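The entries below follow the order in which I looked.

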Amino acid sequence: MAPPGVDHSHVETLVARAALELHRGSVAELINLFEDQRASARPSRAVALAALGRHPARRRAVFIGVTGAPGAGKSTLVGELATRLLGAQPSWRVAVLAVDPSSHLSGGALLGDRTRVRISSDERRFFFRSQASQTALGGLSPASYDVCRLLEGLFDCVFVETVGVGQSEIDIRFLADTVYLVMTPLGGDEIQFLKAGVMEIPDHVVLNKSDAKQAARRAYYALKGSLGLARPEDADKMSVFRTSCVSGEGLAELSEHVASRVAMAGDEGAQPPKLDREAYFFERWAVREWGQRGARYLDRELGGGRQLLARVSGYDAAQQALEAGFVAHLTATRTS
Amino acid sequence: MAERHELVNEAGEITRDRPWIFRTYAGHTSARASNALYRKNLAQGQTGLSIAFDLPTQCGYDSDDPIALPEVGKVGVPINSLDDLHVLFAEIPLSQMNTSMTINGTSMWLLALYIALARERGESEAALMGTTQNDIIKEYLARGTYIFPPEHSLRIIAEMYEYCLERVPNWNASNVCSYHLQEAGATPAQELAFALSTAIGILDSIKARGHFDQAQFERAVGRVSFFVNSGIRFVEEMCKMRAFVALWEEITRERYQVREAKYRRFRYGVQVNSLGLTENQPENNAWRILIEALGVTLSRDARCRALQLPAWNEALSLPRPWDQQWSLRLQQILAYETDLLEYPDLFEGSPVVASKVEALMTEARAEIEKIDGMGGVRVAIESGYMKTALVRSMTERLTRISRGELTVVGMNRWQEGLASPLVSAADGGLFQVDQGGAQEALSALQETRAERDPARAKQALEALKAAARGGENMLPASIECALARVTTGEWAGALREVFGEYRPVTGIDGQRLGLEGERVAKLRARVQRYTDERGRRPRMVVGKPGLDGHSNGAEMIAVSARHVGFDVVYSGIRLRPEEIVASAVEEGADVIGASVLSGSHLALAEQLMTLLAAEGASERIQVVFGGIIPQADIPALEAIGVKQVFTPKDYELMDIMERIMSLLDAGGVSPG
């Protein structure tokens with residue numbers, strides 16, 4: 001199917017309404033566009049990003065990754081943090097992108113319990129969106145990165161909440177500027193995570209549900225100990241927070257920590273280089289879309305994701321370039 | 001010497017048993033209208049009152065709260081303050097009345113109002129008789145009128161036992177309900193185990209508080225009563241009752257060392273099953289109700305203390321007074337015309353019954369132990385274990401009906417029949433809610449607020465909060481609130497401030513429908529085609545707008561939609577229409593499925609459509625409705641833009657999914 005023409009003015013109107021007033025319907029429709037993984041949506045995405053880039057109300061979001069096993073209380077915690085950020089920073093816009101697992105059987109998904117995030121629907125500086133993992137490994141949805149490219153220009157702070165299965169949540173390491181791992185003191189999680197190698201992912205750790213005082217204290221010291229073993233080189237840089245969404249304990253400290261990460265965004269060098277992030281997700285996309293042969297082509301013929309991205313203007317253009325080049329390459333190898 | 005088939009009294013004379021208490025669950029529109037109804041029912045030979053409160057009263061909102069307005073006076077009587085209670089009980093002597101109140105989240109408040117009423121009327125507080133339902137566990141699982149988190153709710157229950165034991169000794173502070181568990185899909189063993197675990201949870205928390213010595217504690221055990229369901233498999237149900245009696249004896253004796261036999265007795269009332277009542281051929285429900293009544297009356301050793309029956313048309317609408325009278329007549333015929341009450345227990349010594357009872361007890365004991373092992377009923381609620389188990393049972397039940405493994409006459413077999421003359425009356429055999437009824441409650445509320453002493457009311461509320469924070473019994477402070485004309489919304493609001501509001505686990509995570517085969521495959525293919533054409537899966541927001549807590553239908557729709565490949569957002573009950581619309585818009589949903597069983601579908605549909613229009617999303621997002629919706633209301637719903645309406649006769653989940661998919665495929669044009 002040939003890509004349909006892009007309705008420039010419609011996309012630009014959506015971007016303007018989204019950027020100016022965070023108009024809910026417009027943000028949602030734009031996200032739909034960035035979730036559409038077909039090649040036909042690419043030109044519209046490029047138009048949207050260009051319009052957003054020019055828009056004076058453009059923001060530059062910091063991505064806060066929140067990962068941890070199901071039941072650790074991630075959603076409730078994110079809700080509490082978002083509430084506090086919105087309260088403390090009257091000009092900030094905050095989004096939550098929550099990823100939930102899809103059924104292997106039907107492809108359908110039950111999407112995040114939005115009501116764990118208890119922010120009034122009248123609060124227009126807040127936006128919540130769920131995504132289905134579509135059975136992708138890595139803890140995010142195949143479209144998460146694309147959607148984040150959009151959200152980056154619309155918000156000041158974006159919480160990205162992963163599926164939370166533990167093993168393979170490495171994607172969030174590349175997507176987020178700062179990653180918090182949420183654990184519970186009662187789960188014996190610290191041992192599990194050590195085994196699973198998940199300890200390599202977070203920048204900081206949150207011991208949530210710390211209302212069980214005794215257990216929380218024990219877990220805190222056990223965790224401090226195991227961090228020293230798991231991350232000998234940087235364990236001292238990692239903070240361990242103790243929080244309880246029931247008593248409110250520790251939430252102020254944690255939300256100030258998050259706020260400081262967001263405020264630091266202005267300082268150059270505080271964030272991972274954009275190109276690393278783009279290249280990582282570009283290579284992930286290449287494998288998903290074009291398989292191992294496509295990935296090899298990207299490596300050998302185009303010099304890898306980083307080089308390609310540096311050469312062409314932007315992510316969408318790089319996708320276009322790989323696609324065109326690889327299709328031509330396939331045709332050539334077949335006819336020769 | 002009397003024969004073994006005869007009943008003899010203490011004087012050795014042949015006698016018959018006194019019948020159980022006949023109750024009719026009633027109340028609607030306003031305190032005045034409900035008072036008139038109660039007095040009429042009492043004159044008809046009814047021997048106790050069973051008060052139905054409207055949803056705002058049950059959930060702790062004043063009638064003029066925006067979330068309350070569509071529900072005022074719909075499923076019960078609105079009570080905003082002590083002034084309303086004066087009207088509700090006008091000319092009804094409290095000391096002679098056994099009053100059962102179906103009230104849970106605000107149970108302490110209604111008891112406080114009742115005590116305050118007795119004080120103002122100069123009647124004795126100690127003479128009050130009756131029950132506050134006050135079983136919060138089943139509210140989290142099945143009925144939905146909880147307010148506070150489990151910890152604080154259990155404290156409220158314990159404090160009511162502590163207050164009542166000496167001062168209102170004939171009051172049942174709570175009534176453990178297995179009724180609603182069966183309505184939510186519980187098997188007999190689950191019904192036994194979950195209800196008994198609830199009772200254990202209450203008694204354990206009373207015990208742990210340490211306010212009672214052993215003698216007082218035993219009396220408190222004796223005050224625990226139960227409210228049980230009775231389904232269509234009436235032999236098994238009769239055995240379930242015997243199992244309840246035996247297990248309760250075991251628990252009170254072994255776990256709590258209750259020495260006096262009378263405090264170990266399993267006291268229970270019954271409402272028979274509504275879940276199995278059908279919208280198709282509704283006249284058949286009359287027979288179902290009769291058979292279900294037999295299950296809880298036939299066996300003398302396990303006979304209910306009180307019985308209330310639903311009406312034949314409950315799957316169509318709320319019952320009319322005549323429908324309730326017809327059900328009352330059933331009880332009267334059973335008790336007075338038949339010879340049922342002339343015999344000792346009929347099943348004593350039956351090996352079949354004994355073996356069935358033993359099997360149920362074994363299964364229930366294992367489940368009780370499992371919940372004990374988790375840390376008790378509070379943990380089993382907070383972790384979602386019990387809710388998930390019930391949703392699974394309900395999913396299995398519907399799967400079996402769909403496959404034809406479970407026969408429901410008139411629904412999945414013998415669907416063809418002659419038209420029923422019962423629904424051809426001018427009112428269609430349905431109850432017509434008086435739409436102007438809310439006005440009376442609103443004016444009374446304004447009057448109360450205008451005439452009270454604001455300083456006293458404020459002080460009473462402060463004292464309530466202080467008691468809540470300080471760990472004192474909150475009932476005395478609540479009684480002072482009642483006397484000071486504090487309103488229902490203010491009482492609950494004050495405690496919400498202290499305790500917070502609870503949202504339990506929805507229980508639908510990880511549920512699977514047992515339906516596969518060609519139909520499901522075709523639907524999945526359709527969903528895939530839709531996905532390929534639009535670059536994203538169809539998305540559905542399943543919502544329960546307003547205060548109605550009956551979530552079975554919504555849960556089954558959410559599970560089914562995912563089963564065929566939709567991405568589904570379902571966030572449980574009690575959402576404001578604004579929240580449902582916001583989530584549909586933000587999530588980029590294609591369709592909202594709203595479920596309403598309280599009769600407020602028209603008002604709520606209007607609110608939803610207005611809000612969608614304000615977001616500019618009326619065209620992009622389709623709206624379908626499900627619930628107890630009279631056929632006569634469907635044109636009005638369609639006129640305001642609702643695209644499909646599903647009622648209890650649409651029990652085939654895949655039918656519903658096909659209709660929703662057709663709607664989406666047609667781009668929102670209703671396919672006829």
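**Entry 1. A charged pair in chain B.**
I began with B:E658, which counts as partly exposed at 26% relative accessibility. I note here that the model is predicted. B:E658 makes a salt bridge with B:R519, at 3.0 Å from N to O. I looked up where the two residues sit: B:E658 is in helix 25 (residues 653-665) of chain B and B:R519 is in helix 20 of chain B, so the pair ties together parts that are 139 residues apart in sequence. B:R519 is also partly exposed, with a relative accessible area of 33%.

**Entry 2. A charged network.**
I then followed salt bridges that share partners, and found A:R24, A:R124, B:E586 and B:E615 joined into one network. Within that group I looked up B:E615 and A:R24, whose closest N and O atoms are 3.0 Å apart. Between chain B and chain A I count four salt bridges. Over all chains the count is 70 salt bridges.

**Entry 3. The contact between the chains.**
How many residues does each chain bring to the contact? I find 37 residues from chain B and 34 residues from chain A. The two chains bury about 2,900 Å² between them, and 44% of it is on carbon and sulfur atoms. I also count 18 residue pairs in polar contact between chain B and chain A, both residues at pLDDT 80 or more. On the side of chain B that touches chain A, at least two residues each come from helix 20 (518-534), helix 21 (552-563), strand 14 (567-570) and helix 22 (577-586). Helix 22 of chain B gives the most to that side, six residues. By type, the residues of that side of chain B are 20 charged, 11 nonpolar and six polar.

I checked strand 14 of chain B for partners in chain A. Strand 3 (residues 109-111) of chain A runs parallel to strand 14 of chain B, and three bridges join them. In this pairing A:L110 has B:V568 as its bridge partner.

**Entry 4. Helix 22 of chain B.**
Why do I call helix 22 of chain B largely enclosed by the rest of the structure? Eight of its 10 residues are buried, so I do. The buried residues are B:P577, B:I580, B:V581, B:A582, B:S583, B:A584, B:V585 and B:E586. I looked up what covers them, and the cover draws on both chains: it includes helix 2 (24-35) and strand 4 (126-132) of chain A, with strand 13 (539-543), strand 15 (591-596) and helix 23 (601-614) of chain B. After helix 22 of chain B comes B:G588, with a positive phi near 65 degrees.

**Entry 5. Strand 15 of chain B.**
Strand 15 of chain B is part of that cover, and six of its six residues are buried. B:V591, B:G593 and B:S595 point one way, while B:I592, B:A594 and B:V596 point the other way. I traced two pairings, both parallel: strand 13 of chain B over four bridges, and strand 16 (residues 622-627) of chain B over six bridges.

**Entry 6. An open sheet in chain B.**
I found five strands of chain B in an open sheet, ordered 4-5-6-7-8, with parallel pairing. Strand 4 (25-26) and strand 8 (171-172) of chain B are at the edges with a single partner strand each, so one side of each has no neighbour in the sheet. Strand 4 pairs with strand 5 (residues 49-52) of chain B over two bridges. B:Y25 stands opposite B:S50, and B:A26 has B:I51 as its bridge partner. From strand 5 of chain B, B:L49 and B:I51 point one way and B:S50 and B:A52 the other, all of them buried.

**Entry 7. Buried charged residues.**
Is A:R45 buried or exposed? At 2% relative accessibility, A:R45 counts as buried. Its side chain meets that of A:D316 in a salt bridge of 3.6 Å, N to O. A:R45 is in helix 3 (residues 42-54) of chain A and A:D316 in helix 12 (residues 315-335) of chain A, 271 residues apart. A:D316 is buried too, with a relative accessible area of 9%. In chain B I looked up B:E218 in helix 9 (residues 214-223), which is buried at 5% relative accessibility. The side chains of B:E218 and B:R259 are joined by a polar contact of 2.9 Å.

Terms used. Residues numbered from 1 in each chain as written. Chains lettered and ligands numbered in written order. Heavy atoms only, no water. Contact = heavy atoms within 4.5 Å. Buried area = accessible area lost by both parts, 1.4 Å probe. Polar contact = N/O pair within 3.5 Å; in protein donor to acceptor, adjacent residues only side chain to side chain. Nonpolar A, V, L, I, M, F, W, Y, C, P; charged D, E, K, R; others polar. Pairing = 2+ DSSP bridges. Buried < 20%, exposed > 50% of the residue type's maximum accessible area, 1.4 Å probe, protein only.
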